[in-house]
Amino acid sequence: MEGLVLAHDRNSLAAQLKQYRLCNRCSERQGAIARTKLSQPCFICRGLMEKLDSLTEKIKTAICDYEFDTFLVGATLPTQIYEREDALRARLKIRGMESVKNQLTRELGMRLARQTRGKVDYLRPDITISLAIDKENSIDVTAKSRPLALAGRYTKKASGMPQKQDRCPDCEGKGCGSCNHSGLSGYDSIEGVIAKKLMAITKGITPRFSWIGSEDQNSQVLGKGRPFYARVSDPRKRNFRKITIRGNGVQAILSTVDELPTTQPRFIVKTRIHIRCDKNLTKKELQALRELAGREVSYRNRSKMATKRIRSASVRRIDSNNLVLTVVADGGLMIKQFVGGEEYMKPNISEVLGCKCECVRFDILDVELQ
Ligand SMILES: [Zn+2]
Ligand SMILES: [Zn+2]
């Protein structure tokens, strides 16, 4: 008869439970109805279950800065509470009833739902509230929110700005007091500029980024910008439509997404490359560059060979040995190697023009996700 207490057993159970001093909630959990006021602390919970109201207030203080629609309450209880309840249940042959932890978190969840208008969500709560209760019944309440997932694009007009920021040397990125819980060594990169503002706006910590490709630190990023994803831990604010960030020549526009992609999406990049050659260029040689359109560039990627497809190529001559080549190609084509041809890459610009070529600079005109 697990999980059930038959009606005719109720009276005898209540009588048996009387020999223990139990508070009302601990009696109810055994299947008995109790309306007593204990003069001594309850045998099982030692007064914990009488603290639900003050505990609810403590939780509300811990979560007062957070925006949330859903929450979940979890608890760690001292083993002694379980041991006392288990001993009582073994003796009275009570089985299949709710656990003390379940009753505690359920009752707190109901109170919080009423008082905050949030809903309990077991799978994907906006905030997770954790109670740590020691054997003296002192209670530590912590709250943490679900990370915020964002998708965005950035443009960059500044020169000399790298994409990535080094990790904080003290915490190696985990977040600590000396990096203001950013996990970063500073804010003098695209990552740094966006991270700093994201932390200020979301009141979260340790933003993490995944970039859809990269460029040189002197490259401009134009058009709609380069796509990227970001995840901010423990955000206080989470209800955003659009976030716009500007600073140091960088502009980023982000919006929240449900999930971040688990694999890097394929993408196509339009790049404008300034090339200097060590000889004067003929019209015929420039024509050879246009014919790169439709070809595949192969190169060594670690131990195996990989290819990137050139979708279009247009050329403009600036003077006798300087030119601008605009290519639309698969994302990830390494532009400097493609021009110089030092590391194995075939075809490459130096080879096509039959002279030594150098990439003076390159700019990203557009990035298209596939
Ligand atoms: Zn109790
Ligand atoms: Zn740090």
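Guide: A residue is buried if 20 or more other C-beta atoms lie within 10 Å of its own, exposed if 12 or fewer, and partly exposed in between, with C-beta atoms placed from the backbone. This is a predicted model: local features need pLDDT of at least 70, side-chain atom pairs count only at pLDDT 80 or more, and totals for chains, interfaces and linings use all residues. Residues are numbered from 1 along each chain as its sequence is written, while chains are lettered from A and ligands numbered from 1 in the order in which they are written.

Visitor: Is Arg302 buried or exposed?
Guide: Arg302 sits in the loop between strand S11 (296-301) and strand S12 (304-319); helices (H or I, at least four residues) and strands (E, at least two) are DSSP runs, numbered from the N terminus. Its phi is positive, near 55°. Arg302 has 5 other C-beta atoms within 10 Å, so it counts as exposed.

Visitor: What is the phi of His181?
Guide: Most residues other than glycine have a negative phi. His181 lies in the loop between strand S5 (148-156) and H6. It is partly exposed because it has 18 C-beta neighbours inside 10 Å. Its phi is positive, near 60°.

Visitor: Which residue is joined to Lys346 by a cis peptide bond?
Guide: Most peptide bonds are trans. This one has an omega of about -5°.

Visitor: Which residues does Phe338 touch?
Guide: Contact means C-beta atoms, placed from the backbone, within 7 Å. Residues up to four places away in sequence are not counted here. The list is Val297, Leu333, Met345, Asn348 and Ile349.

Visitor: Which strands are at the edges of the four-stranded open sheet?
Guide: Strands pair if DSSP finds at least two bridges between them. The order is S2-S1-S3-S4, with mixed pairing. Each edge strand pairs on one side only: these are S2 (119-120) and S4 (139-145).

Visitor: What angle does helix H3 make with S4?
Guide: S4 pairs with S3 (residues 127-133) in the antiparallel sense, over seven bridges. Helix H3 (residues 52-62) packs on the sheet and touches S3 and S4. Axes are lines fitted to C-alpha atoms, for helices over the stretch in contact, and angles run from 0 to 180 degrees between N-to-C directions. The angle is about 40°.

Visitor: How many bridges join S10 to S15?
Guide: S10 (residues 267-277) and S15 (residues 357-369) run antiparallel. Arg276 stands opposite Glu358 in S15. S10 is also joined to S13 (residues 322-330), by nine bridges. Between S10 and S15 the count is eleven.

Visitor: How far apart are the C-alpha centres of domain 1 and domain 3?
Guide: Domain 1 covers 7-145 and domain 3 covers 267-369. Their C-alpha centres are separated by 68 Å.

Methods:
Two residues are in contact if their C-beta atoms, placed from the backbone, lie within 7 Å. Domain bounds come from an automatic or database domain assignment.
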